[in-house]
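Let's take a walk through this structure together. Keep the 3D view open and turn it as you read.

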Amino acid sequence: MTENNKGTAKIRILIVDDSWLVRLYYRDTLEKAGFEVEQAINGIEAMEKVLTQTYDLAIVDINMPRMDGISFVRSLRRSTPDVSSLPALMITTEAGQQDIVDARTAGANFYLVKPVSEAELLRHVAVLTGARR
Amino acid sequence: MPLIKRDAVTAPAAGDRPDDVASHIAALSGSDAQARWSAARALRGRADAIPALAAALRVEQEPHVREAIMTAIMRVGDEASVAVLLPYIRSQDAGERAAAIEALQALPEAILPFLPELFSDSDSDVRVLATELARNVPAADATHALCALLEREQHANVCAAAIDVLAEVGTRDAIPVLKACAERFAGTPFVPFAVSIAIARIPDS
Amino acid sequence: MARLEARGPPAVHVTQQEVRRLCEFLYRRTGMSFADNKRYYVDRRLAERIVATKSESFQSYFAILRSDVDHEIEHLVNAFTVNETYFYREEHQLRCMTSNLLDNVIRAKKPGESIRIWSIPCSTGEEPYSIAIWLMENWREVDSYNIEIVGSDIDTRALKAAADGVYGDRALARLSGDVIARYFQKVENNSYRIDPGLRDSIQFTRANLIDASEMALYHSFDIVFCRNLLIYFDDSSRRIAAENLYDCLHPSGYICLGHSETMSRISPLFRVCRFYDAIVYQKPEAGRDRE
């Protein structure tokens, strides 16, 4: 968490999705709700980010170029404890039944089926980060 | 001084490894991953090796060898390459899908004739991935194909994916279709938002 | 008296939305991102490139950029980066090399086995010489191992300059007086020649990173510095180059990219490694893949 200028910690969320419209949508929703948001377009960039900075939650899409979301979570869980404990919220499709299974096996904490409404997103983010609203 | 210099850059000590197509094709089905890797690289761009490369791809478990096999196929760069790689976008394995999409994205000309069929696929996830393949084709072709998709598409995620690409490459021709899409999905999450951003990004002239 | 007005093509007007479109493309393609307060730089560089390509509108420029006509992506990215090469550029990677990477490299070395380091592209030689000097100045174990440093580039003129080893004082600005005194000889005003012993211990070769047959001559490297090259290649060539580099590395060998480069835009073959001074990428150990 980082301090905002009121001295209270802001919850930091990493959005991992190759669609910039989706990232924008999540970012708008989450920033309005007081979260600090950063982005990555695939699992490799996400690994670089989580290895360099701390986050409280990763929101992870499945289909991304060069490293998909499930591979990212696997890689995450194989990292050192300070990194591997990062909660991961997967965004899946309703047809992606195998993805849901694979994501859980890889170590994802929860999943949502897209398209995700703002309310749904905020509700699950609150649960996974312990944020009080 | 601890720095040393060899007289010349030398080839690896593997020495008399045979360098003909038949040997490489044989090595593709061997048990040694390093040999399969080398064979795939040696066969890069060889149209006559596509059947063997396709067969190897079907059973390859090592991600880096799979990558090399896909590159080898991709470098041929024609319809045959696309035909071999395309089925992998349906894979149940997310990593395989990602690898196939990446290889196919390097072949915009070859993929273009396949787009209409992909956009009509019964699997919505396939239609979503196919929109990504439209990204690198010329803007007018991409706009045309994506608009045709958007006009009839009922699945929100497919629309979302098409809108994402149109936000980058779309021309003004896309605006009426985008607006109609927003109306069709009014009151649902994301699509109306996506349309408004995409329309804002499309240049005026 | 009449004033002469400068004539030129009318400036192409670019909207903020168009700039956002460009920024999003750049971020997706290269990983470079620009905070709002840095957008000014984008506006400037974009305007320069529109003029340089004689584009009549943002649309037509963007089409050129997206298809990478005449390597436009390289031209645009170059406009943002400082291209000057100098000694001890990106010192944090050199520090990472001696603080972390080499410890891991020597763990697997048998007695008498050399450590092999490759600088590609080496341009006019500052990078391979920097590696050599840094090792001798900073690595405790430097006398316990044979170290081979190879510098390669596709540009033979740059290679000749590298082999000559003469540099202006700007290139030496990051070096201390002691280091300069130890490894350089002043040859004339503001020119320094690298110590001939050092110069002769670096192997300079011409090499094309995308040419498979040329690349077959390079193997068993422990550390590769491949900075500010891969990101300019098109999709297809980037894959080939990444596979070639993978092949040239020892298992568990490391590759260092340029300051604003990331493997996320290049290849899935390597594992991301975070050390105190730098992020570098590693070829997985033999028998293990990336994960």
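Predicted model: local features only at pLDDT ≥ 70, side-chain atom pairs only at ≥ 80, totals over all residues.

Residues are numbered from 1 along each chain as its sequence is written, while chains are lettered from A and ligands numbered from 1 in the order in which they are written.

Let's begin in chain A. Here you will find an open sheet of five strands in the order β4-β3-β5-β6-β7, with parallel pairing. Helices (H or I, at least four residues) and strands (E, at least two) are DSSP runs, numbered from the N terminus, and two strands pair if DSSP finds at least two bridges between them. The edges of the sheet are β4 (36–40) and β7 (110–113) of chain A, each pairing on one side only. On average, neighbouring strands are turned by 20° against each other, direction ignored; axes are lines fitted to C-alpha atoms, for helices over the stretch in contact, and angles run from 0 to 180 degrees between N-to-C directions.

Look now at strand β3 (residues 12–16) of chain A, which runs parallel to β4(A) and is joined to it by five bridges. In this pair, A:Leu14 stands opposite A:Glu38 of β4(A). Helix α5 (residues 97–106) of chain A packs on the sheet, where it touches β6 (88–92) and β7 of chain A. The direction of α5(A) makes about 170° with that of β6(A). Contact here means that the C-beta atoms of two residues, placed from the backbone, lie within 7 Å.

Another helix of chain A deserves a look. Helix α3 (residues 69–77) of chain A is largely enclosed by the rest of the structure, because eight of its nine residues are buried. Among them are A:Ile70, A:Phe72 and A:Arg74. A residue is buried if 20 or more other C-beta atoms lie within 10 Å of its own, exposed if 12 or fewer, and partly exposed in between, with C-beta atoms placed from the backbone.

Follow C:Ile255 into chain C. Not counting residues up to four places away in sequence, C:Ile255 touches several residues, including C:Val224, C:Phe270 and C:Val280. C:Val280 lies in β10(C), opposite C:Cys273. Strand β9 (residues 271–274) of chain C and strand β10 (residues 279–282) of chain C pair in the antiparallel sense over four bridges, and they form a hairpin with four residues between them.

Finally, which residues bring chains B and C together? On this interface, 28 residues of chain B are in contact with 41 residues of chain C. Helices α4 (63–74) and α13 (191–201) of chain B each supply at least two residues of the chain B side, and α4(B) gives the largest share, six residues.
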